[in-house]
Amino acid sequence: MREDSVFKRGKEELKREKEMMRGKSFRQKAGYFFTYYKIPFIIIAAVIVIIISICYSRAQYKGYAFQALFFNVAVTESADEELSGEFSDLIEFDESKYKVMVDSTMVISGTSQGSVSSTEKFSAEISEGVVDVCIMPEELFRSYANEGAFGDLRDFLTEEQLSEYEDLLVYDGSIPIGIYAASFTKVTENNLYVESDRPIFGIVYNTQHMDECSEFLDYLTGE
């Protein structure tokens with residue numbers, strides 16, 4: 001079909017529509033428009049809404065200045081907001097772009113849907129490099145330690161810190177990878193674990209916030 005014939009048909013169609021609308025009331029014109037153009041109009045409106053929503057979400061998104069995950073805690077009343085807020089006040093970061101997250105909702109135990117979701121989330125966030133510190137019951141911690149999830153504490157903590165917690169260190173061979181955390185001030189204050197859990201503090205091997213990890217340990221212990 002020739003291009004000029006397409007334009008010609010379009011002009012003729014437009015002319016017919018103008019003739020049809022001549023003398024019509026506003027309500028009749030609006031009814032005609034809605035009848036013949038409602039589907040394209042709805043599609044365009046939906047696309048605009050989606051674009052606005054995506055732009056708004058991106059504008060509101062904040063990356064992590066620091067993230068700590070507590071697994072299989074013993075309490076149902078979360079202290080996440082309090083812990084996140086307190087630690088946020090102790091470190092320097094751009095609050096317009098980043099946030100501090102302490103999340104105690106992670107549950108990895110058995111094959112429940114919640115356990116599967118937490119496992120997938122943890123694996124994905126480690127791959128993305130957005131998890132810094134974990135506290136887990138000993139059995140779970142050692143399971144992930146065997147997979148190489150935690151780094152050598154000598155790479156993240158000061159000599160003074162390592163010396164202070166020497167009796168609580170957890171080793172993988174000769175490498176210190178964790179600290180028994182049952183006696184940590186913030187753990188006991190919030191009753192996060194029972195004694196039999198023997199929770200362990202560890203730093204994820206690919207953390208992007210080494211200084212904050214060290215400061216978070218001091219915060220948890222009340223130093």
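Which residues is E138 in contact with, leaving aside its neighbours within four places in sequence? I started my notebook there, working on a predicted model.

**Entry 1: E138**

I get Y180, D197, R198, P199 and I200 as the contacts of E138. Two of them I checked for polar contacts. The side chains of E138 and Y180 are joined by one of 2.6 Å, and the side chain of R198 makes another with the side chain of E138, at 2.7 Å. E138 lies in helix α5. Buried or exposed? E138 counts as buried, at 15% relative accessibility, since the cut-off for buried is under 20%. I also took the C-alpha to C-alpha distance to V170: 9.7 Å in space, for a pair 32 residues apart in sequence.

**Entry 2: the rest of α5**

Helix α5 covers residues 138-146, and its buried residues are E138, L140, F141, Y144 and A145. I looked down the helix axis: these residues fall within an arc of 165°, so they line one face of α5. On the face of α5 turned away from the buried side I find E139 and N146, both exposed.

What do the buried residues of α5 pack against? My list has β1 (63-71), α4 (113-128), β3 (133-136), β4 (169-172), β5 (175-180) and β6 (200-203). Just after the helix, G148 has a positive phi of about 85°.

**Entry 3: strands**

I went through the pairings next. β1 and β3 run parallel and are joined by three bridges; L69 has C134 in β3 as its bridge partner. β3 and β6 run antiparallel, with four bridges, and V133 is partnered by I203 in β6. β5 and β6 are antiparallel too, joined by two bridges, where I179 has F201 in β6 as its partner. Four bridges join β4 to β5, again antiparallel, and V170 stands opposite G178 in β5. The hairpin of β4 and β5 has two residues between the strands, and G173 in this hairpin takes a positive phi near 70°.

How covered are these strands? Both faces of β3 are: V133 and I135 are buried on one side, C134 and M136 on the other. As for β5, five of its six residues are buried, so the strand is largely enclosed by the rest of the structure.

The largest nonpolar core has 32 residues, and F70, I179, F201 and F216 are the ones with the most contacts inside it. β1, α3 (80-88), β2 (98-106), β3, β6 and α8 (210-221) each supply at least two residues of this core. Which element gives the largest share? α8 does, with five residues.

Not counting residues up to four places away in sequence, F216 touches F66, A68, F70, F87, V102, V133 and F201. Another core, of 20 residues, lies apart from the largest one, and L69, F141, A145 and V170 are among its members. F141 and A145 I had already noted as buried residues of α5.

**Entry 4: cysteines**

How many disulfides does a search of the whole structure find? I get zero. C134 is in no disulfide, and the nearest cysteine sulfur to it, that of C213, is 9.7 Å away.

**Entry 5: Q161**

My last stop was helix α6 (residues 159-164), where Q161 lies. Q161 is buried, with a relative accessible area of 5%. Where does the side chain of Q161 reach? I find it at the backbone nitrogen of T158, at 3.0 Å. Leaving aside neighbours within four places in sequence, I list S214, L217 and D218 as the contacts of Q161.

Technical notes. Residues are numbered from 1 along each chain as its sequence is written. This is a predicted model: local features need pLDDT of at least 70, side-chain atom pairs count only at pLDDT 80 or more; totals for chains, interfaces and linings use all residues. Side-chain values use heavy atoms; hydrogens and water are left out. Buried means under 20% relative accessible area, exposed over 50%, partly exposed in between (1.4 Å probe, protein chains only). A polar contact is a pair of N or O atoms within 3.5 Å; within protein, one must be able to donate a hydrogen and the other to accept it, and residues adjacent in sequence count only if both atoms are side-chain atoms. Contact means heavy atoms within 4.5 Å. The arc is that of the directions from the helix axis to the C-beta atoms. A disulfide is a pair of cysteine sulfur atoms within 2.5 Å. A nonpolar core is a set of buried Ala, Val, Leu, Ile, Met, Phe, Trp, Tyr and Cys residues joined through side-chain atoms within 4.5 Å. Two strands pair if DSSP finds at least two bridges between them.
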